[in-house]
Amino acid sequence: MYMLSCRGIIHMAEDKTLCTKGFALRALETAMACIGMIVMLTAVGNSTCTETTAGPGSEVCKTEMPFTIFPSCVYYVVISAFTIAWCFTLILSHLFTHKAQPVFCQKYGECIEYVSDFLLAILNLVAYITMAIELNQAKANDNQGKTVMQLSSDAPKYAVSMAFAFILFIFFTISLAHNLKLATRQDDLQPSQELPVVATKQAAVAQV
């Protein structure tokens with residue numbers, strides 16, 4: 001009996017699929033959060049001027065505006081760090097699912113994952129909205145009435161970070177929907193497709 005149990009455990013470990021849809025989503029979320037945070041951290045400001053064909057004095061100059069002077073950009077960096085830490089933790093837990101899990105994780109693991117995915121989706125959406133508003137808002141008495149995206153030399157980096165924040169919101173929403181589908185898919189089975197408990201026990205006894 002013990003040998004049969006050991007063979008069953010080894011067989012399950014060998015047949016376990018590593019690259020599942022959930023694992024791929026977590027890997028993409030981690031990569032995008034890393035890239036977005038690195039891009040934002042490199043936006044340290046650099047004043048540049050581009051010559052035009054209108055002659056001297058008509059150069060188009062970009063102002064030095066590092067990300068540290070914008071609260072929404074600093075907020076995005078913090079949220080990206082939390083996103084990386086959470087996704088990396090889930091990747092590790094996926095790689096070690098054949099190990100014995102703590103009782104707390106067995107009871108509340110799914111609930112924690114749902115709540116964390118929902119919160120990170122909302123936080124990334126808030127990061128996108130706040131950056132879009134702050135960096136594209138023009139004031140008559142500030143920056144010559146132009147927006148940060150029009151004046152900053154790091155405008156492309158800010159645009160990339162905003163795009164990644166919105167895409168991460170979508171990815172976390174997909175992850176939440178995917179996990180909920182996996183958790184509830186057994187409820188969608190027709191009665192004819194479900195094995196009665198007696199039949200399941202008889203099959204287990206026959207295998208032994």
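Modeller: Start with the network: salt bridges link Arg26, Glu29, Glu113 and Asp117. Keep in mind that this is a predicted model.

Colleague: How many salt bridges in the whole structure?

Modeller: The search finds four.

Colleague: Take Glu29 and Arg26. How far apart are the closest N and O atoms?

Modeller: They are 3.1 Å apart, and the pair forms a salt bridge. Glu29 and Arg26 both sit in helix 2, residues 21–41. They are three residues apart, about one turn of the helix.

Colleague: And Glu113 with Arg26, what's the N to O distance?

Modeller: That salt bridge comes in at 3.0 Å, N to O. Glu113 is in helix 4 (residues 103–135) and Arg26 is in helix 2, so this pair ties together parts 87 residues apart in sequence.

Colleague: What about Asp117 and Arg26?

Modeller: Their side chains also meet in a salt bridge, at 2.6 Å, N to O. This pair links distant parts of the chain, with Asp117 in helix 4 and Arg26 in helix 2, 91 residues apart.

Colleague: Switching to accessibility. Is Arg26 buried or exposed?

Modeller: Buried. Its relative accessibility is 5%, and the cut-off for buried is under 20%.

Colleague: Why does Asp117 count as buried?

Modeller: Because its relative accessible area is 0%, and buried means under 20%.

Colleague: And the two Glu residues, Glu29 and Glu113: buried or exposed?

Modeller: Glu29 is buried. Glu113 is buried too.

Definitions and conventions. Residues are numbered from 1 along each chain as its sequence is written. This is a predicted model: local features need pLDDT of at least 70, side-chain atom pairs count only at pLDDT 80 or more; totals for chains, interfaces and linings use all residues. Side-chain values use heavy atoms; hydrogens and water are left out. Helices (H or I, at least four residues) and strands (E, at least two) are DSSP runs, numbered from the N terminus. Buried means under 20% relative accessible area, exposed over 50%, partly exposed in between (1.4 Å probe, protein chains only).
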